[in-house]
Amino acid sequence: MFFNFPRLIFAVLLISAASICALAQFPDTEPSKEDYPKTVKETLAKGRIDREKKDFQQLIERGEEAAKISGEISKSFAKYNKFSSDDQKKLDRLEKLVKKIRSELGGDDDDSVEDKPSSISAAVKTLQDTTGNLVNMIKKSTRYSVSVTAIESSNALLKIVRFIRFGS
């Protein structure tokens, strides 16, 4: 059996060109959002709005949980004048909640130097007030706005929690 290499190369090129032309006939598999029917666009918009409402409600719930935890910590410290291991766990949980709130508000770490509380008892008193202020700022805002004062309150609250946890 004898192969004619120029004919074989021509046949391979012809088959490759035909397959490329055939693939070019198919449209893109990923339609753009402008290509969607109006009802699909409306459904996508409603889904986005529902997610935003749910996210904002969760933000408020986290704030209320943080206020509850700070109240429990304040009561415990007022009663025993020290922190139990349960209180330490609550401080950890409070710190995580406030970090989550701050990140959802669009804030990040604040390196500004503020006055540190003079003592642990002063920090505990400030803790509840600052948490209440944070929750009020969150509730006053909308899911469309970014509250700079809420971000500042969350940063101040984190500093207070760290002061209580680490004493510095």
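Visitor: Which residue follows α2, and what is its phi like?
Guide: Asparagine 81 follows α2, and its phi is positive, near 60°. Helices here are DSSP runs of H or I, at least four residues, numbered from the N terminus. This is a predicted model, where local features need pLDDT of at least 70, side-chain atom pairs count only at pLDDT 80 or more, and totals for chains, interfaces and linings use all residues. Residues are numbered from 1 along each chain as its sequence is written, and side-chain values use heavy atoms, leaving out hydrogens and water.

Visitor: How many residues does α2 have, and how far does it reach?
Guide: α2 has 43 residues and reaches 63 Å from its first C-alpha to its last. That is close to the 63 Å expected at 1.5 Å a residue. The expected span is 1.5 Å times one less than the number of residues.

Visitor: At what angle do α2 and α3 pack?
Guide: About 150°, with their axes 9 Å apart. Axes are lines fitted to C-alpha atoms over the stretch in contact, and angles run from 0 to 180 degrees between N-to-C directions.

Visitor: Which residues make that contact?
Guide: Among them are Leu59, Ala66 and Ile73 of α2, and Leu94, Leu97 and Ile101 of α3. Contact means heavy atoms within 4.5 Å.

Visitor: New topic. What do the buried residues of α5 pack against?
Guide: They pack against α3 and α4. Buried means under 20% relative accessible area, with a 1.4 Å probe and protein chains only. The buried residues of α5 include Ile151, Leu158 and Phe163.

Visitor: And what follows α5?
Guide: Glycine 167, whose phi is positive, near 75°.

How values were computed
Helices (H or I, at least four residues) and strands (E, at least two) are DSSP runs, numbered from the N terminus. Buried means under 20% relative accessible area, exposed over 50%, partly exposed in between (1.4 Å probe, protein chains only).
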